[in-house]
Amino acid sequence: MTVSVGPTPVDPTRNGSAPANAVPATASPAQTLRPHAEDAFAAELAALAAQDDRPRPARWRLSPWAVATYLLGGTLPDGTVITPKYIGPRRIVEVAVSTLATDRALLLLGVPGTAKTWVSEHLAAAVSGDSTLLVQGTAGTPEEAIRYGWNYARLLAHGPSRDALVPSPVMRAMAEGTTARVEELTRIPADVQDSLITLLSEKTLPIPELGQEVQAVRGFNLIATANDRDRGVNDLSSALRRRFNTVVLPLPETPEAEVDIVSRRVDQIGRSLDLPAVPDGIDEIRRVVTVFRELRDGVTADGRTKLKSPSGTLSTAEAISVVTGGLALAAHFGDGVLRAGDVAAGILGAVVRDPAADRVVWQEYLETVVRERDGWKDFYRACREVSG
Amino acid sequence: MNGGKADTAGPLLLGVRHHGPGSARAVRAVLEEARPDAVLIEGPPEADALVPLAAEEDMRPPVALLAHAVDEPGRSAFWPLAEFSPEWVALRWALEHKVPARFIDLPATHTLAWEDDEGPDPGAGDDVRVDPLGALAEAAGYDDAERWWEDVVEHRGVGEGDAMASFTALEEAMTALREEYGNGGHRRDLVREAHMRLRIRAARREFEDGVAVVCGAWHVPALRRKATVAADRALLKGLPKVKTDMTWVPWTHRRLSRTSGYGAGIDSPGWYGHLFGAPDRPVERWLTEVAGLLRAEDRIVSPAHVIEAVRLAETLAVLRGRPLPGLSETTDAVRAVMCEGSDVPLALVHDRLVVGDVLGEVPATAPAVPLQRDLARIQRRLRLKPEAGERELELDLRKETDAERGRLLHRLRLLGIGWGEPAAARGGTGTFRETWRLRWEPELSVRVAEAGVWGTTVLAAATARAEADAVGARGLAEVTGLAEHCLLAALPEALPTVMRILTDRAALDTDVGHLAQALPALVRSLRYGDVRGTDTAALAEVAAGLAERVFVGLPPACAALDADAAEEMRRHVDAVHGAVGLLGDAPAPGHGKLRARWQSVLRALSARDTVPGVIRGRSVRLLLDDGELAQDEAARLMGLVLSPGTPPADAAAWIEGFVGGGSGGGLLLVHDERLLGLVDTWLTGVPAEAFTDVLPLLRRTFSAYEPGVRRTLGELVRRGPGTRGSTATAVSGTPGFAPDPDTARADAVLPVLRLLLGLDGDGGDDEGARDEPAGVTA
């Protein structure tokens, strides 16, 4: 009855949802634009595996403890330095790894720019040594991408058989006992999402056309990522939610960390867009980050005054785009220096998503916080100008 | 007592962590095994007399031993005891087995006096204080002392092996620590330990070695140490003393968890209580309890969730290298499995279970709480006897005693002790007068006892209560009321907290109506504060901030309102206008131009078409009254609204807003015939079918006028358009007045005026004298 699809090598390029370079063996990491985690950090993974003497769950390449070390960084007894992959609360990684170890599916939630995909890729690389069993969720993701499809030429020529079957990444992960990944779970249509429900609880995937089924091998697990502020896309049904342990990835904890992330990304983007370098932008970046953090957290940086929060997410990613936009303005139309006026319009656009409610929030913020703040006069004036 | 061991070890020294459930279990196990003849507990010996009360039926932990100076109830100290405190377990064990229990720490009579002696400056000692557990935990490779203690001591199963083993191991560790750190900077500890040693010695003379001592682990090596009686006595010589009294007071889990004040600094009393109370499988039981709570709050949590949460918690514990899942593992598991990663339901779990709502009880026979004494003393001093019969009390707040009486009554009301109820003043309504109806009901004594948890003096208790009320208040209005009450009761200490909550609530409240309602009360408080000489700078600042928020929120909130909502909003506009007027004089740095900004808001309101007519009309009127809008401009705006393009109902609403209600609008129409003319022309132009719609509105507007005004208006209208025409052309004079003064009529009042001003000659006063009376008689 039960058939394993494992040994037959399947060409993943036939599967629409898998990335073109899904087989690490065929593509040399040196040529690819961005190598997979397991290739980029192969040395670290090998060093960890060599020195890992703790018990490993079935088919895990590393023990849970070593997986956590791989993500959080550290120094091994032999002096190998493991670079931190995720900078954030230790608790997050520990819960995520433990979830995978208890064979529960893991759902990583967070606003854009909180490293959901990054964490999921590295987890899969460390646990299974393979981060390529990936379903990239879109509004057009079909059920075949999660269950299986057919090679219609074979199907017509030889009739239904295992050879004519095109397994999905999830099916392959089940057969091989490795980690599958689903990106942007909430973008997948609800009926397609539902095919995950029984798959995750029964850990079997029936193939009624052949009268067969694929049973998950020990070690199989699934990591999904989703954006928790994008309400109304395709919210997860509670039945599906119950199958997951949920970990919310937080926004950067300290203002300094966030300023650092924003300025680093802005620098990279600016270079790839060939924007002229703008000197002394750091003060303005700090200001943008401060405004975003204060409105997002609903409290001023000094913790003294509470604020209303607008309906937008105000994620770090948006702060980056505000600053980039401001840089473009300053470079092309201004005097080359990033000034309050260059970012004011961008901030207004990011904050005021709902014209009625958010405008009040923004004006209150301007009048009660910005106006009184030392050294923010120029910013206040610029904002008043664009707010009208 | 297990003979052989006692010979070498002397008394049974049980070093515990205060409020540690694992310690409590271990203490009980050891006591069961060793069966000592007496139990000595770290605590003030004055409480020995109160020990039997702990055995009573209605004594339910958490409770606290309260010591206070007899002459100064404000000076007090608490020893909180929870169900899971080792000290409480030892106490109960002794009572159950009819074995004497005694407290052996330094008497409160010294410790209370000490606090006075050294004042609030133990700072130097604090700096060098070592955290004994922190040092041990660090040596064991833990970053968190609490966790280390939990893993090593609290999470040990009880029953297997020698119950005494953990105490022995801990004592060794503490001995090593104290060899290194000495007294660790707690200089008072030496004196306390000397006293404990003396008491233990006394007990051993009485009970031989059948003595068990329950004390903080830190003290064990010092108690074991051999010291001469003389040396110990020398240490205790010449300690300051103060007359003290002790009693039991009820305590709560929430207060145990408070790190400041009288709290015991335990973050998770509910969790500890659970660890202590659960017979087995604490994690499973805890997560089931959490699931029950979440279910009661309508979250779908199935047994499968509980299973998965337990598995996750256990895996996390393994990953973190802990013997058993602790609170942090179970919390992480609850968040990931049951709460979908959200912290919101988790906050509920923390509040209800991890901290918990447990409220202790003490028997009615417990001695009086200091609050009662304090109240009795104040009553004597103010000559305000509690009487069962009802009587009225008039207070003149300008007199010191009366002002204090008023404050006392306000404070008691805050504490829920309704001895006096404010009554309507019989005399004047001046702010310096208060009338109270007094009546002392017997149950008020119970209320006083209950209020004892808030503090030891009326002032401290009322302050603590006001702060707690502010934190728990739901609406903005509730907090403003509280702020007012704080001023009346003169609780300056509570005011910062109340103000902070008020600012927070105001910042988060999205309903401008609430803000507008809160503002007048706040401004009123400001004025009261002025009368009573309270420092109201903070209050003025908050009021100004509130006003700013109203300014920002009001224009959007005025759009698209129905008739009732518009009428309500008009009242808000009036209230804010009044408040801003009063506030304009109050000092509030950074908010200097409040009045100007309010006027620009009014101007925006008056010009916006989506704003209901009644609000637009009122805005124009308020601007006109303030002299911010010229008569001509007002007339132009009125003409605009009353022109045929505006729906008649809207125009009528505008008129109501402009001259309606008790705003003295009638007189305005009487004096400015141009405005009256506009209304008249408009009214005659209203089409017949619309007239019936407009009529009720107009009736409401005009029927509120005084009869005299109504009659004058009628006469003016009857006089017809001729007069109006002439005033419209008279550009030189004030509208509503004849172009030239009527000197003959004006001269008639000159003698009276001269008399009033005390003038002999008739010099240059004519000019002023002519205008003013003319306005009155017109």
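Trainee: Is E184(A) buried or exposed?
Mentor: E184(A) counts as buried, with 21 C-beta neighbours inside 10 Å. Buried here means that 20 or more other C-beta atoms lie within 10 Å of a residue's own; 12 or fewer makes it exposed, anything in between is partly exposed, and the C-beta atoms are placed from the backbone. Keep in mind that this is a predicted model: local features need pLDDT of at least 70, side-chain atom pairs count only at pLDDT 80 or more, and totals for chains, interfaces and linings use all residues. As for labels, residues are numbered from 1 along each chain as its sequence is written, and chains are lettered from A and ligands numbered from 1 in the order in which they are written.

Trainee: Where does E184(A) lie?
Mentor: In the loop between strand 7 and helix 8 (190-202) of chain A. Helices (H or I, at least four residues) and strands (E, at least two) are DSSP runs, numbered from the N terminus.

Trainee: And what's the phi of E184(A)?
Mentor: Near 50 degrees, which is positive even though the residue isn't glycine. Most residues other than glycine have a negative phi.

Trainee: Which strands pair with strand 7 of chain A?
Mentor: Strand 4 (residues 134-136) of chain A pairs with strand 7 in the parallel sense over three bridges, and V135(A) stands opposite V182(A). Strand 10 (residues 221-227) of chain A also pairs with strand 7 in the parallel sense, over four bridges, with R181(A) opposite I223(A). Two strands count as paired if DSSP finds at least two bridges between them.

Trainee: New topic: how many residues of chain A are in contact with chain B?
Mentor: 30 residues of chain A are in contact with 25 residues of chain B. Contact means that the C-beta atoms of two residues, placed from the backbone, lie within 7 Å.

Trainee: Which helix supplies the largest share on the chain A side?
Mentor: Helix 4 of chain A, with seven residues. The chain A side that touches chain B divides into 12 nonpolar, nine polar and nine charged residues. Nonpolar covers Ala, Val, Leu, Ile, Met, Phe, Trp, Tyr, Cys and Pro, charged covers Asp, Glu, Lys and Arg, and the others, Gly among them, are polar.

Trainee: What about chain B, where is the cis peptide bond?
Mentor: It joins P61(B) and P62(B), with omega about 5 degrees. P62(B) lies in the loop between strand 2 (38-41) and strand 3 (63-69) of chain B.
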